[in-house]
Amino acid sequence: MKRIIYVGFDQLHRDFGALKDAKPTEDLILIVESQRMLQSRRWHIQRLWFMISAARHFVEQLRSDGFEVIYLKSKTTKAGIRQIKKERGISNVIAAEPHSFRLLADLSDEVQFTPSDFFLTAKSDFLNWAANQKSLLMENFYRAQRKRLSILMDGDKPVGGAWNFDKENRLTPPKNYTYPEYLTHSRDQIDNEVLQELKSSNLDLWGADPDSTWATTRAGALAQLENFLNNHFENFGPYEDAMVKENWAFHHSLLSPYLNIGLIHANEVLEAVRNRYLKGDIPLASCEGFVRQVIGWREYINGVYWFFGEKYREQNHFELSRPLLPLFTDTSKTHMSCISQQIADIHDRAWVHHIPRLMVLSNLALLAGIEPIQYLNWMREMFIDASDWVMVPNVIGMGMHSDGGLMMTKPYVSGGSYISKMSNYCKGCKYNPKLRTGPDACPFTILYWNFLAEHQDEFKGNHRMFQQMSGLKRLSDLEEVRKESARILKGLSDGTI
Ligand code: SF4
């Protein structure tokens, strides 16, 4: 063998990364299961199971393609690479650039990197774009992506005459709706072995054992894409922000875990979406909403992760210091129906969609003043698709506004009224989203007004906060609300709210 190709756990694609030019006669493939990584955190069991089982299935696929593959359990990734270099007498190790700062630094003296092509936008292209912007507005990046990739374009104009269809895509939960069934995936011997290994280990794990929600193979990922196109794509857009008790995924594609470990590439998703749209029965608004997620948000988040640098995760603009609330790991520690629903869903499947992440969980973390790094760590540990590059900008820049506005022009905060409008969680909740004082007042509503009042000096100069600050000025009972907020914060920390 002439060289070793190191494949990361999030680069499981035969046609991308360092594997695209690999030859069974010349290349030894190496995947390292780092015990330090497994032991470093209290992971959701489904995240570890998903990543390990997908990697081991990928090994089988490569072996059936004729490759020699070593799947090595080692103390660290670096130690594993060193061990195989020495044992096999091969010094030339190549890999696609890792997708996290830590791994990039860790492996740089052992491995020769080629640029990662697991995204649609090269890192250098995003950095060039960002360096020339006055502000990093996602909308500007997205429009440039539409033009560059020639998606939903009519010459240099957007198809349908508009770049976005947010008005059509922000419908509230429907009434008397037939909620879709979701695709299930069967388990095989590798899946079961990995689960048994994890359960008999001494790792600190959280969450329910995996059910049939997630696939661990490329075939399963492709089936998920097909299912989305056939059964969900049409209504994805209108209901992408809605949250309902009756259906945990609604019309979301559930493709992010597969995209983020490489089982499927964004190019493949885009191609399939484009072809499906061209058949003519998918509304433009729905297609645009989905395309925005794939070529806009996903690429933008990865870009800003690298643009802001390694220390970005430590930002704490509001100087928040409250420890993570007990309700984030124990639904018995809250009476808030929206929160207990989300935590139960995360416990069961390690996933909830973007609106619960942003407008329920992150909203609460910010309003309650949780130290951003603690909340970031929790998000990294709990979600099945939680790559470092996903969670750092989403939590620090978007969810908690901890960068003071480098990424987003305003904090994404709301009271109970937004959750009440976009979900059916408030029906049957102990609290009332319309009340801001008294024992039945919604904790979100109380903390929202308290947060605006606390930071009014900063927000009054922000034109995007104008409406919210005008609302604050009109509050006649602000003093009482602020007193109530002390009770709520204490109750949240005690696990009694
Ligand atoms: Fe959540 Fe408040 Fe609605 Fe209860 S009333 S579900 S706490 S938003």
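Helix H5 (residues 123–131) and helix H12 (residues 284–308) have axes that come within 9 Å of each other and cross at roughly 80°, and the two are therefore roughly perpendicular (65 to 115 degrees). This is a predicted model in which local features need pLDDT of at least 70 and side-chain atom pairs count only at pLDDT 80 or more, while totals for chains, interfaces and linings use all residues. Residues are numbered from 1 along each chain as its sequence is written, and side-chain values use heavy atoms, with hydrogens and water left out.

**Helix contact**
- On the H5 side, Lys123, Phe126, Leu127, Ala130 and Ala131 meet Glu299, Tyr300, Gly303, Val304, Trp306 and Phe307 of H12, where contact means heavy atoms within 4.5 Å.
- The residues of this contact between H5 and H12 divide into eight nonpolar, one polar and two charged, with Ala, Val, Leu, Ile, Met, Phe, Trp, Tyr, Cys and Pro counted as nonpolar, Asp, Glu, Lys and Arg as charged, and the others, Gly among them, as polar.

**The sheet**
- Five strands form an open sheet with parallel pairing, in the order E4-E2-E1-E5-E6, and two strands pair if DSSP finds at least two bridges between them.
- E4 and strand E6 (112–114) stand at the edges with a single partner strand each, so one side of each has no neighbour in the sheet.
- Strand E2 (residues 27–34) pairs with E4 in the parallel sense over seven bridges, and Leu30 has Ile70 in E4 as its bridge partner.

- Strand E4 (residues 68–74) is largely enclosed by the rest of the structure, because five of its seven residues are buried, meaning under 20% relative accessible area with a 1.4 Å probe, protein chains only.

Notes
Axes fitted to C-alpha atoms, helices over the stretch in contact; angles between N-to-C directions. Helix = DSSP H or I, 4+ residues; strand = E, 2+ residues; numbered from the N terminus. Parallel < 35°, antiparallel > 145°, perpendicular 65-115°, else oblique. Buried < 20%, exposed > 50% of the residue type's maximum accessible area, 1.4 Å probe, protein only.
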